[in-house]
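Q: I would like to learn how to read a sheet, its bridges and its aromatic pairs from a model. Could we go through them one by one?

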Amino acid sequence: MLKGTGVCAGVGLGTALVVQTQELDWSGVQYAGAEQEKARLAAAAKSVSDTLAAMAQAMTSQVGEHAAEILSGQIMMLADPFMIGQMNEQIEGGAVAEAAVDAVCGSFIAMFSAVEDELTRQRATDVADLRDRLLKTLLGREDQDLAAAPAGTVIVAHDLTPSMTVGLKRENIAGIITETGGATSHSAILARALEIPAVLSVPGALEAIAPGAKIAMDGELGHVYVDPDERTVKDYEARREAFEARRAVLKEYLGKPTVTADGRPVALYANIGRPEDAAPALEKGAEGIGLFRTEFLFMDRDAAPTEEEQLAAYRQVAAQFAGGEVIIRTLDVGGDKDVPYLGMDKEENPFLGHRAIRYCLDNPELYMTQLRALLRAGAEKHNVRIMLPLVTGVEELRAAKALLEKAKAELAAEGKPFDADIKVGVMIETPAAALVADLLAQEADFFSIGTNDLTQYTLAVDRGNAKVAKLYTVFHPAVLRSIKSVIAAAKAAGIPVGMCGEAAADPALLPLLLAWGLDEFSVSASSILATKRSISLWSAADAAFAEKEAMKLSAAESILGCLGSMKKE
């Protein structure tokens, strides 16, 4: 059995079609002079841009607008004079066009790959894909066409690129296996758009799987069997039937309100990183946006986005969710999110350093631009909410509010419309914030619990360190007690409280959150229907009983085991 990362649930049974990686060796290309090499680069860039635009149009009709939007970033990169300018500088220094593309793209790939955040690392994949497209065009190579793949095909590739999916007959593809990619990679997005079981990051898949080999795979567990025996095949056939039955059940929840078994309404929102992520969240039934990570607007560029650029992004999402809240987190950089042009110093421990709200308050000009854009974005629908990250005390909340009042005064003086009553909330993701939640609740309009960092900081566990990864669990009594006390503080102050960390989608944690009175769950778009169904299965009495039994226990493993035994299917 091979093991990878399951990114699109489902069971695949079929025959392997192995897509071999093309060699893009440009070492034999001769330098033809600066002007000619620049012309070659310009022609290749135009050709790739035109191809991407045509592919985006084809993908829109095939798998929807959201999947097609993954190409927009590459088109924007090609239109960016900074990246092309760097390549032209390399050419002027004596490099052939291919070498210039390789060097400049390579520097961006290295920069993004060094970041621990999965969504940021995806930028490295974007650039690598663009580099390969440019090199193939310069070298006269073409991508393999998979449109003629027969029924029962399992695609095995180093990576699944958008061009491979154009014209693909999804009913013929039983599964996708790649050597690279994570939960937010292009391969994952495409697989989910096509609703094809997918297992990514399978080491050595191209060597381990021969063309024509029989495959049994689980897109949730990340398991891949090559030439499975009869018993395994029968097992996977039964799993496939069970999965299809579950998927049919989840589809029944589309368009239905999110309520518990005894009728208590619960807000179910989505986490997004870019404006284009809003549409698929809406399609899946999200009632609002619980976390818009604005740092991604600041990446992949050589200068901070202007007020107008930010306004356009925020306004777009606010319009799409006109009937619900749009909670936008202010710039959260530092830690594992480095933005070179911001000039942030290298720190020995960046996760405990000059990041998030600390950086913004020390750079008021940059912060004011964002605050002005947020205020203006809320002017029409009045549904934009501002959330402050990594807060540790009331001083930071007050300082941010003071800047917000200054921004309001500026906009009023300029005669620009804005939301004068915009809500300002706090992301509870530090032990300090959890311990003074009662004080913060007196001055914040809402709370959102960020379990990823709250767990990491409470347990003093680096979640990126494999040696201590087993210690990282939201079910540790210290983390659970923190969550409970934060919700209680919000309730006592009469403000709403949500959760936007990964734990919000965990069905085992769900009864505790319901018992404590969490108002809003914010999850990834792919988890919305499953979370809606899980919520619908729990009554207040059942949740209270589960909470009582689980919180008697003193160890994370015991608590998880207890809750797991009560899980509702």
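A: Strands and helices here are DSSP runs numbered from the N terminus, with at least two residues (E) for a strand and at least four (H or I) for a helix, and two strands pair if DSSP finds at least two bridges between them. Within this pairing, the bridge partner of Cys8 is Ala198 in β6. Please keep in mind that this is a predicted model, in which local features need pLDDT of at least 70 and side-chain atom pairs count only at pLDDT 80 or more, while totals for chains, interfaces and linings use all residues. Residues are numbered from 1 along each chain as its sequence is written, and side-chain values use heavy atoms, with hydrogens and water left out.

Q: In what order do the eight strands of the open sheet lie?

A: In a regular strand the side chains alternate between the two faces of the sheet. Here the order is β1-β8-β7-β3-β4-β5-β6-β2, and the pairing is mixed. Because β1 (2-3) and β2 (5-8) stand at the edges with a single partner strand each, one side of each has no neighbour in the sheet. Helix α10 (residues 230-251) packs on the sheet and touches β3 (11-19), β7 (214-218) and β8 (223-226), where contact means heavy atoms within 4.5 Å. The direction of α10 makes about 115° with that of β3; such axes are lines fitted to C-alpha atoms, for helices over the stretch in contact, and the angles run from 0 to 180 degrees between N-to-C directions.

Q: Which residues stand opposite Ile215 of β7?

A: Gly14 stands opposite Ile215, and Ile215 also stands opposite Val226 in β8. Five bridges join β3 to β7, antiparallel, and β7 pairs with β8 in the antiparallel sense over four bridges. β7 and β8 form a hairpin with four residues between them, and Gly222 in the turn has a positive phi of about 80°. Four of the five residues of β7 are buried, where buried means under 20% relative accessible area, exposed over 50% and partly exposed in between (1.4 Å probe, protein chains only).

Q: How many aromatic pairs does a search of the whole structure find, and how is such a pair described?

A: A pair of aromatic rings is described by the distance of the centres and the angle of the planes. Rings of Phe, Tyr and Trp (its six-membered ring) pair if their centres lie within 6.5 Å, and planes under 30 degrees apart count as stacked, over 60 as edge-to-face and the rest as tilted. The search finds three aromatic pairs. One of them, Phe82 with Phe108, is edge-to-face, at 6.5 Å centre to centre and 90° between the planes. Because Phe82 lies in helix α4 (residues 81-92) and Phe108 in helix α5 (residues 97-113), the pair ties together parts that are 26 residues apart in sequence. Phe82 counts as partly exposed at 31% relative accessibility, whereas Phe108 counts as buried at 13%.

Q: What is the geometry of the aromatic pair formed by Tyr225 and Tyr236?

A: Tyr225 and Tyr236 are edge-to-face, with 5.7 Å centre to centre and 75° between the planes. Tyr225 belongs to strand β8 and Tyr236 to helix α10, 11 residues apart. Tyr225 is partly exposed, with a relative accessible area of 27%, whereas Tyr236 counts as buried at 1% relative accessibility.
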